[in-house]
Amino acid sequence: MIKNLLNQIKGLVTYDADREFYAKVFPDSLNQVDLMRFRKMSKADLPRVLEIEAQGYNYPWKEAIFHDCLKAAHYDCWVCEDANDVMVAFCIVSTAVGEATVLNLCIDPVMRKQGLGRKFMQHVIEKASDRKAESVFLEVRPSNTGAIALYESLGFNEVGVRPGYYKAENGEREDAVMMAYTIIQSK
Ligand SMILES: CC(C)(COP(=O)(O)OP(=O)(O)OC[C@H]1O[C@@H](n2cnc3c(N)ncnc32)[C@H](O)[C@@H]1OP(=O)(O)O)[C@@H](O)C(=O)NCCC(=O)NCCS
């Protein structure tokens, strides 16, 4: 009963200060992912970003690509931190002419499968909507079935294939599945 009430109150919490209050006063009412916070990435974050990137992909981005993303005016580079201010994920999104494109989403392996990828994508969709984007696009390897399941569960649909888009083992190439999400603007 009290737990239900707390959960309802928790749903209304929007500000970090409130979250910190609940974390201190009712620590059992919040899980780790509830306590995660998003903020913009800075150059100082790159060592940790590169660490997460290296654990996420067989062909990780080089540091120079992240520098370019941080410089590009129409790119939003987000990081996600836990309650102890440890970065556990990042996401890079470009937004132009009503379209947001998710270029990279990567979660620390120890934090995966707890709902953080979903929470991060919901944040990205919300920010894209604030910027008046009408769609969110992304590309994903067909072999990345976990990521595809995440995107489908959020309402993304396959809209095309780019043949041989990604590097693969033994000098082979892998297609990219293109996925899109339509934002319904309420205002
Ligand atoms: C793909 C990735 C972002 C998913 O993040 P995550 O925090 O583990 O995802 P969530 O816990 O929010 O999962 C949400 C849903 O996605 C699906 N999902 C996520 N990972 C999955 C996996 N490994 N296998 C099957 N389904 C998976 C499930 O439907 C899950 O819902 P459920 O928990 O109710 O079953 C993460 O695994 C990652 O960073 N991978 C390495 C980098 C990468 O591949 N990025 C995507 C590039 S396009």
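In this predicted model, Phe-90 touches Met-41, Val-49, Ile-52, Trp-78, Val-79 and Cys-106, leaving aside residues up to four places away in sequence. Phe-90 also belongs to the largest nonpolar core, a group of 33 residues in which Phe-90, together with Ala-89, Cys-91, Val-102, Phe-120, Val-124 and Val-136, touches the most other members. The elements that supply two or more residues to this core include helix 3 (46-56), strand 2 (75-81), strand 3 (87-96) and strand 4 (99-107), and also helix 5 (116-130), strand 5 (135-140) and strand 7 (173-182). Strand 3 gives the largest share, six residues. As a general background, nonpolar side chains tend to be buried together in soluble globular proteins.

Seen as a whole, the chain has six helices and seven strands, and along the sequence these follow the pattern α-α-β-α-α-β-β-β-α-β-α-β-β. Buried residues account for 18% of its 187 residues. Of the contacts between residues at least 6 apart in sequence, 51% join residues that are at least 24 apart.

The ligand is surrounded by 19 residues, and the closest of them are Arg-112, Gly-117, Arg-118, Gly-146 and Leu-150. Strand 4, helix 5 and helix 6 (145-154) each give two or more residues to this shell, and the largest share, five residues, comes from helix 6. The table sets out the shell by class.

| Class in the shell around the ligand | Number of residues |
|---|---|
| Nonpolar | nine residues |
| Polar | seven residues |

Key: Residues are numbered from 1 along each chain as its sequence is written. This is a predicted model: local features need pLDDT of at least 70, side-chain atom pairs count only at pLDDT 80 or more; totals for chains, interfaces and linings use all residues. A nonpolar core is a set of buried Ala, Val, Leu, Ile, Met, Phe, Trp, Tyr and Cys residues joined through C-beta atoms within 7 Å. A residue is buried if 20 or more other C-beta atoms lie within 10 Å of its own, exposed if 12 or fewer, and partly exposed in between; C-beta atoms are placed from the backbone. Helices (H or I, at least four residues) and strands (E, at least two) are DSSP runs, numbered from the N terminus. Two residues are in contact if their C-beta atoms, placed from the backbone, lie within 7 Å. A residue is near a molecule or strand if its C-beta atom, placed from the backbone, lies within 6 Å of it. Ala, Val, Leu, Ile, Met, Phe, Trp, Tyr, Cys and Pro count as nonpolar, Asp, Glu, Lys and Arg as charged, and the others, Gly among them, as polar.
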